[in-house]
Amino acid sequence: MEEEGSYNNASHQSNISESEKKSRTTVYIRGGSARFICGFIIAIIILAGLAALILWLVYRPSKPRFTVVSTAVYDLNNATSPSPSPPAVSTTFQFTITVRNPSRRSSIRYDRLLGYVLYHNQAITPPSPLPPMYQEEDSTVAISPILGGDQFVPISSDLASGFAMDEAYGVVPLRVVLMGRIKYKPRVFRSGWFSMYVRCDVLVGLKKGLVGQLPLLLSPACNIDV
């Protein structure tokens, strides 16, 4: 009887061991499958990231380049007398600006454009809306916005006096500002809209009573923030 009981216990323990082995084997297989799936997903994510990085490096757009090449004035009224008060100025400028898209794989769309003129960081023309523009890859276009008009813009007394002195001397520093938004259009994807702020500092040969084309004494490349 004792031998039979011992045999039954041994058989029971053997069955338990075999069940445990099967259970452990099943858990190991499931764990290995989960690790394989996770590793596969991570590998796909890494490869997709590398592919996106390579595409961006190949097709990444470059900032456009703006340069003022000519300036003309058609009207200039610098009112420094007590009336109107405060002093004000009205003027009409036309600037010819070249816009260069250096990217060979990305075109550019310009929208919501505004332009105005500053004298010593103070506006002397009201903001003028400009038409939208589309520029092909690796191309240069010229725009000639007319900024200003008959509307008087209030300025400080010191600024009015300084403008009159520079005008009498014949050298006036101006800053042309263009604002808007741009969208890059590479061949494989499209970007969102980016704000654009262009500043072009120029020195013009402007004297009182002079109308028409002005000598452009200094015109470095414009600064652009995108």
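Predicted model: local features only at pLDDT ≥ 70, side-chain atom pairs only at ≥ 80, totals over all residues.
Biologist: Where is D138 found?
Modeller: Helices (H or I, at least four residues) and strands (E, at least two) are DSSP runs, numbered from the N terminus. Phi of D138 is near 50 degrees, a positive value in a residue other than glycine. D138 sits in the loop between β6 and β7.

Biologist: Which side chain meets D138 in a salt bridge?
Modeller: A salt bridge puts a side-chain nitrogen of Lys or Arg within 4 Å of a carboxyl oxygen of Asp or Glu. Here the N to O distance is 2.4 Å, and the partner of D138 is R100. The pair links distant parts of the chain, 38 residues apart, with D138 in a loop and, in strand β2 (residues 88-101), R100.

Biologist: How many salt bridges does a search of the whole structure find?
Modeller: One of them joins D111 and R181 at 3.2 Å, N to O. That pair links strand β3 to strand β10 across 70 residues. The search of the whole structure gives a total of 4.

Biologist: R199 also meets D225 in a salt bridge. Is R199 buried or exposed?
Modeller: The R199 and D225 side chains meet at 2.9 Å, N to O. R199 is in strand β11 (residues 193-204) and D225 is in strand β14 (residues 223-225), 26 residues apart. D225 is partly exposed, at 40%. R199 has 16% relative accessibility, so it counts as buried.

Biologist: What volume does the largest pocket have?
Modeller: On a 1 Å grid over the protein atoms alone, a pocket is an open set of points where a 1.4 Å probe fits, with protein on both sides within 12 Å along at least five of seven lines. Lining residues have an atom within 4 Å of a point. The largest pocket is lined by 14 residues, and L113, L130, P131, M133 and I143 lie nearest its centre. Its volume is about 170 Å³.

Biologist: Which strand supplies the largest share of that lining?
Modeller: The lining divides into 13 nonpolar, 1 polar and no charged residues. β3 (106-119) and β10 (172-186) each supply at least two residues of it. The largest share, 3 residues, comes from β3.

Biologist: Which residues make a nonpolar surface patch of about 490 Å²?
Modeller: Such a patch joins nonpolar side chains within 5 Å, from residues with over 30% relative accessible area and no salt bridge. I37, found in helix α1 (residues 2-59), counts as partly exposed at 46%. The patch is made by I37, F40, I41, I44 and I45.

Biologist: What separates the C-alpha atoms of V153 and I124?
Modeller: V153 lies in strand β9 (residues 153-154). V153 is buried, at 11%. V153 and I124 are 29 residues apart along the chain, and their C-alpha atoms are separated by 5.8 Å.

Notes:
Residues numbered from 1 in each chain as written. Heavy atoms only, no water. Points joined across faces, edges and corners; volume = space filled by probe spheres on them. Nonpolar A, V, L, I, M, F, W, Y, C, P; charged D, E, K, R; others polar. Patch = residues over 30% accessible without salt bridge, like charges linked within 9 Å, V, L, I, M, F, W, Y side chains within 5 Å. Areas by Shrake-Rupley, 256 points an atom, 1.4 Å probe, with all protein chains shown as cover. Buried < 20%, exposed > 50% of the residue type's maximum accessible area, 1.4 Å probe, protein only.
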